[in-house]
Amino acid sequence: MAEINIMSYETVALDDERSALVIIDQTKLPSEVEILHLTEQKDIWEAIYLLKVRGAPAIGVAAAFGVYLAAKQIQAESYADFYTKFKVAKDYLDSSRPTAVNLSWALNRMEQVVLSAQDKTVPALKALLHKECVAIKDEDVWMCRQIGEYGLTVVNDGDGILTHCNAGQLATSKYGTALAPIHLGRERGMNFKVYTDETRPLLQGARLSAFELFADGVDTTVICDNMASQVMKNGWVQAVFVGCDRVAANGDACNKIGTSGVAILAKYYGIPFYVCGPTSTIDMSIEKGEDITIEQRPAEEVTEMWYEKRMAPEGVKVYNPAFDFADHELITGIITEYGIARPPYTQSLKEIFQKKQEAQKK
Ligand code: MRU
């Protein structure tokens, strides 16, 4: 059987007939493409926690589908009863990962649907929730495409682009955020040279970004995280594109651990550093990066995963934060679906949200 290109798979989908969340198990990539149909809430929670589905926008879409599937199962005599049960399911999924704001953003949107339809019957509430989760996914595709369009305005055909982690199609519904300009450029016959940091400890760069870029025919080179400086010094990188999990109101951008170091290097070598993310990843209620909760993950991800034998002494202390943030002063621009925010971000991010509001009024 001919091998199917990973770019033709959906990262996150809803199989309403089978009441299942459908995802690619990303922990198995790139060696195995296994599609999971998840029907139980605990399996959906675990899929998010274990990074079977991952990347801020994809987590948001998965959670929206997940809570809809939970709502579908609810037997309730009254609105109050339905809401109480819905809230339990929502809070449960919300507890799966703390840093990417898209998770709570999507779940809050779903809750808002219930809260603003108190006069509706239980079947009508379920139908409204279905509509909303499908809209969340459709909007994600549109947002990523727009980010791709804006991203393409700051690079030239043939440029070298360095990226960290995976903020590609595998992290969203389509195109990705940081990789959107590259995929979109590819559709238009452009050829970028992409350097993907392997991204210790979970290797999203080497396993996922390299996989999807390579599958899309992009000139892709995997580097260890500690090689970024040399690659920049060689003059091979004209721009850095990274994704984000939560951007604070001052522009501090939280993303996969190591992003802050890449931003510092880019500044040193005079390379523009762009953070790409939809407005669903911008959290205006958080003032600065220091206020963002950083997920701490199990030590074994550092000492055991990817090794045949444990590679660090038994019992040694391990520090394994999943994210850090790039200080706003290091960021050249934040590329959103409503344009590119430039410093000072306290002002430009507000303007991005104003544009969004105006567009939604139309
Ligand atoms: O732990 P992960 O793999 O979910 O982390 C993913 C990232 O840090 C991405 O860069 C971010 O979520 C943006 S995805 C478009």
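Begin by selecting R54 together with the ligand, where a polar side-chain atom of R54 lies 2.6 Å from an oxygen atom of the ligand. The protein covers 100% of the 420 Å² of accessible area that the ligand has on its own, an area that comes from the Shrake-Rupley method with a 1.4 Å probe. This is a predicted model, in which local features need pLDDT of at least 70 and side-chain atom pairs count only at pLDDT 80 or more, while totals for chains, interfaces and linings use all residues. Residues are numbered from 1 along each chain as its sequence is written, and side-chain values use heavy atoms, with hydrogens and water left out.

Staying with the ligand, select G55, which has a backbone N or O atom 3.0 Å from a ligand oxygen, and then Q204, which has a polar side-chain atom 2.9 Å from an oxygen atom of the ligand.

Next, go to H328, which you will find in the loop between β12 (323-326) and β13 (333-336); strands here are DSSP runs of E with at least two residues, numbered from the N terminus, and helices are runs of H or I with at least four. If you also show N250, you will see that H328 and N250 are 78 residues apart in sequence, yet 6.8 Å apart in space from C-alpha to C-alpha.

Finally, select M311, in the loop between α10 (300-303) and β12.

How values were computed
Polar contact = N/O pair within 3.5 Å; in protein donor to acceptor, adjacent residues only side chain to side chain.
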